[in-house]
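The following exercises concern one protein chain. Each task is followed by a solution in steps.

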Amino acid sequence: MFDQFLKYRLGFIFIFLTLLSSCSTGPKPIDFDVDNCDFCQMTISDQRFGAELVTKKGRIYKFDDLHCLKGFLNEKVVKAEDVASNWVVDFAQPSVLIAVAESFFVQNEQFKSPMGSNIAAFSHADSAKAFQTNYSGTEIKWENYLETGK
């Protein structure tokens, strides 16, 4: 009887830990040329751009451009209070996701991002400034971009 109780208890602990670990609020790598944008449904293919929204329950929505992430947020598909984090691809390190809150953004029409935001994200201010100096462009804050109509 005690052995059976111990088996049930260990089984419960295993299931609990499995469920707990599956609710991660961090990003997962974008599988370029395979994953589709959760806003426009296009295949995510440009490794210099891309974004993710992670819910508090661990659900991940992927986007091919900041324009699509912004549209998704504006449509309130996920309530603001259910969003755990937002992530963007580091333009200087293609395919690497960085937290939006820690990112530096440069907008330049020459970027030709998939959906026309033409905004590149950088993980370091120095990278953004160097790019801005060499290729021009305007520094933009995430909060300001969310407020614009474009």
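**Exercise 1.** Where is glutamine 41 found? Describe its backbone and its exposure as well.

Solution. This is a predicted model, in which local features need pLDDT of at least 70, side-chain atom pairs count only at pLDDT 80 or more, and totals for chains, interfaces and linings use all residues. Residues are numbered from 1 along each chain as its sequence is written, and side-chain values use heavy atoms, with hydrogens and water left out.

Step 1. Glutamine 41 is found in the loop between α1 and β1; helices (H or I, at least four residues) and strands (E, at least two) are DSSP runs, numbered from the N terminus.
Step 2. Its phi is positive, about 70 degrees, although glutamine 41 is not a glycine. Most residues other than glycine have a negative phi.
Step 3. Glutamine 41 counts as exposed because its relative accessibility is 52%. The classes are buried (under 20% relative accessible area), exposed (over 50%) and partly exposed (in between), with a 1.4 Å probe and protein chains only.

**Exercise 2.** Identify which parts of the model call for caution.

Solution. 
Step 1. The chain has a mean pLDDT of 86, and 83% of its residues reach 70 or more; pLDDT is the predictor's confidence in each residue, from 0 to 100.
Step 2. A contact means heavy atoms within 4.5 Å.
Step 3. Where pLDDT is low, the predicted coordinates should not be read in detail.

**Exercise 3.** Which residues of helix α2 are buried, and what covers them?

Solution. 
Step 1. Helix α2 spans residues 66-74, and its buried residues are Leu66, Cys68, Leu69, Lys70, Gly71 and Phe72.
Step 2. Their cover includes the strands β1 (51-55), β2 (60-63), β3 (83-89), β5 (104-107) and β6 (119-122), together with α4 (142-147).
Step 3. After α2 comes lysine 76, with a positive phi near 55 degrees.

**Exercise 4.** Which residues does threonine 55 touch, beyond four places in sequence?

Solution. 
Step 1. Threonine 55 lies in strand β1 and is buried, at a relative accessible area of 8%.
Step 2. Not counting residues up to four places away in sequence, threonine 55 touches Thr25, Tyr61, Val78, Asp82, Val83 and Ala84.

**Exercise 5.** Which residues line the largest pocket?

Solution. 
Step 1. On a 1 Å grid over the protein atoms alone, a pocket is an open set of points with protein on both sides within 12 Å along at least five of seven lines; lining residues have an atom within 4 Å of a point.
Step 2. The lining consists of Leu73, Asn74, Lys76, Val78, Lys79, Ala80, Val83, Asn86 and Leu146.
Step 3. Both α2 and β3 supply at least two residues of this lining.

Key: On a 1 Å grid over the protein atoms alone, a cavity is a set of points where a 1.4 Å probe fits but cannot get out, and a pocket is an open set with protein on both sides within 12 Å along at least five of seven lines; lining residues have an atom within 4 Å of a point.
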